[in-house]
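The following note sets out points for a colleague examining this model. Please read each point alongside the coordinates.

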Amino acid sequence: MKTLPIITVLGVVSSLVSAFYLGQIDELSFDRVTIQFCPQTANINQPNARESQGKLDLKYCRYRHRLLKEVWESEQYKAAISLSKESFSVQEFNGDNSGGIWLLLAPFLAGSAYLAWSNKCQIDYDKKFKLLEDLKSSYKLATVSARNEREFKATAINQRWDTQRVKAGQISIDAMQDILRRQGEIQDRTHVSTLKQFDLNDSQADKQIAENQLVVAEANKKRDKLSKTNHTEDNTNQKQTNESLKDSLIDALKNHEDGWLWNIIKAAKPLWIIGEQGTGKTNTSVSIGLIRKYCLGIPVFRIADRHLNGANSKVWNLLEAQNKADNNSAIIEVLQDTYERRLERIALDLDDKQAEQFLLDEFTHLRDIDEETITKFIKSTFSDTRKAKERFIGVTHLGTNAAFGDGTAAMRKAGSILIEKFTADGEKPLSRVVVKHGLVDSQGNKLEDVEYTLPTWFEAFTIYNHFHNKAIDFN
């Protein structure tokens, strides 16, 4: 705790020193030359050669000219009449490019100081919050204790006062007992009367409820009698419409690029979707979940995502899951329950009609929270989901051992499907996908790193609306 202010001060001072030093660095970081033009006199062999040379030096050689080295090297021989090299005195100066290190060091040190101070403030806040909670608890305990003490003292005083009255002859023991007896009778009768009043209120409420139910039942009977024929016809038409919508969507998936996407959707293997931020991983997982729900009849049992109630809430709500987990602790509990639930479902020997879906998003950093739970969950996912009749979809940024754990590479390739998605600008997903592993060709050979595309209509809200009065035009 005491080291954080020291780190903060050192970071601030160091960043200021770095920034100050950066400002003192020579702004010319390029190689330069200093040139003196010192022509030799033509009267070199004459008696007055020294005087003549001195006049030339006084006129020309006392001036120094600074140029960039590359300019001097490229321009010195371009004159129509070039001068001899002996006429020039050239001195070179190499540029200093060390300022880049200080340019990076200054913000890094300032950021370190900010993080140290931020951690100190958080620690102070947590400590003060705990002190406040302890104070509130002690205050409540003191309040309850004082109230109980007052009640006890009041009862004791009344008892002692009654004893004193009896001793003083102000009231006899028989009279005191009579008062207590009458008070007991009054309390008993009050209790009986109150119970009867409750029973009366309950009976009146039951009578009113029964009358209301009778009226509702008669109204429902008349309504059902009038609408029975129309209702039967509506159900038949709706069923036919739903089947038509389902068939058209399945046909479109089968006809898209040899049906690779339909093969993945109907597969029982666990499906993992990886990619950077902005690649549309969550939307793609929900799209697959919707198709499995409406076309394969597999309901969504559980969703787990830290952003369930935030930016992704609208798209997650399309799945109408039975159970949801929206924070790290709840997600860890869900994963623990899931691998135990899988073992229970395997023991029941369920059929495909009892299959269910589980969608897990933001898996990337869960290992940092509870490594043991994640290890058990991963092994269960690659070995138990098919027998447990669970269709699993997982979303993560990385498909490496950092997320899944060491020694799982072979298990992942053999027991799951892995799709990678892409984006060009970090915001808009591309239709391009790469199936890293999990598919096979017509001969059963395993395919790796096969590139495909998603249909233009493959989007969660579009697929949901397809089954809710806005069918997709696949043409």
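1. Cys61 is buried, with a relative accessibility of 16%; in this note, buried means under 20% relative accessible area, exposed over 50%, and partly exposed in between (1.4 Å probe, protein chains only). The model is a predicted one, in which local features need pLDDT of at least 70 and side-chain atom pairs count only at pLDDT 80 or more, whereas totals for chains, interfaces and linings use all residues. Residues are numbered from 1 along each chain as its sequence is written, and side-chain values use heavy atoms, with hydrogens and water left out.

2. Cys61 is joined to Cys38 in a disulfide, with the two sulfur atoms 1.8 Å apart; the criterion is a pair of cysteine sulfur atoms within 2.5 Å. The torsion about the S-S bond of Cys38 and Cys61 is about 60°, so this disulfide is right-handed. Cys38 lies in the loop between strand 1 (32-37) and helix 2 (49-61), while Cys61 belongs to helix 2, so the pair ties together parts that are 23 residues apart in sequence. Helices (H or I, at least four residues) and strands (E, at least two) are DSSP runs, numbered from the N terminus.

3. How many disulfides does a search of the whole structure find? The search returns 1 disulfide. For two further cysteines the accessibility is as follows: Cys121 is partly exposed at 36%, and Cys295 is buried at 8%.

4. Salt bridges number 19 in the model, the rule being a side-chain nitrogen of Lys or Arg within 4 Å of a carboxyl oxygen of Asp or Glu. One of them joins Arg181 to Glu185, with an N to O distance of 2.9 Å. Both residues are in helix 5 (residues 173-255), and their spacing of 4 residues corresponds to about one helical turn. Arg181 is partly exposed, with a relative accessibility of 44%, and Glu185 is likewise partly exposed, at 39%.

5. In helix 4 (residues 99-167), Asp134 and Lys130 lie 4 residues apart, about one turn of the helix. Their side chains meet in a salt bridge of 3.3 Å, N to O. Asp134 is partly exposed, with a relative accessible area of 39%, whereas Lys130 is exposed, at 52%.

6. Lys376 and Glu372 provide a further pair, in helix 10 (residues 371-384), again 4 residues apart and separated by about one helical turn. The closest N and O atoms of this salt bridge are 3.6 Å apart. Lys376 is partly exposed at 42% relative accessibility, while Glu372 is exposed at 54%.

7. Which residues are linked with Arg341 in a network of salt bridges? The network includes Arg345 and Glu356 together with Arg341.

8. A nonpolar surface patch is formed by Val9, Val13 and Val17, which together have about 250 Å² of accessible area. Patches are made of residues with over 30% relative accessible area and no salt bridge, like charges being joined within 9 Å and nonpolar side chains (Val, Leu, Ile, Met, Phe, Trp, Tyr) within 5 Å. Accessible areas come from the Shrake-Rupley method with a 1.4 Å probe, and for residues only the protein chains shown count as cover. Val9 is located in helix 1 (residues 3-24) and is exposed, with a relative accessible area of 52%.
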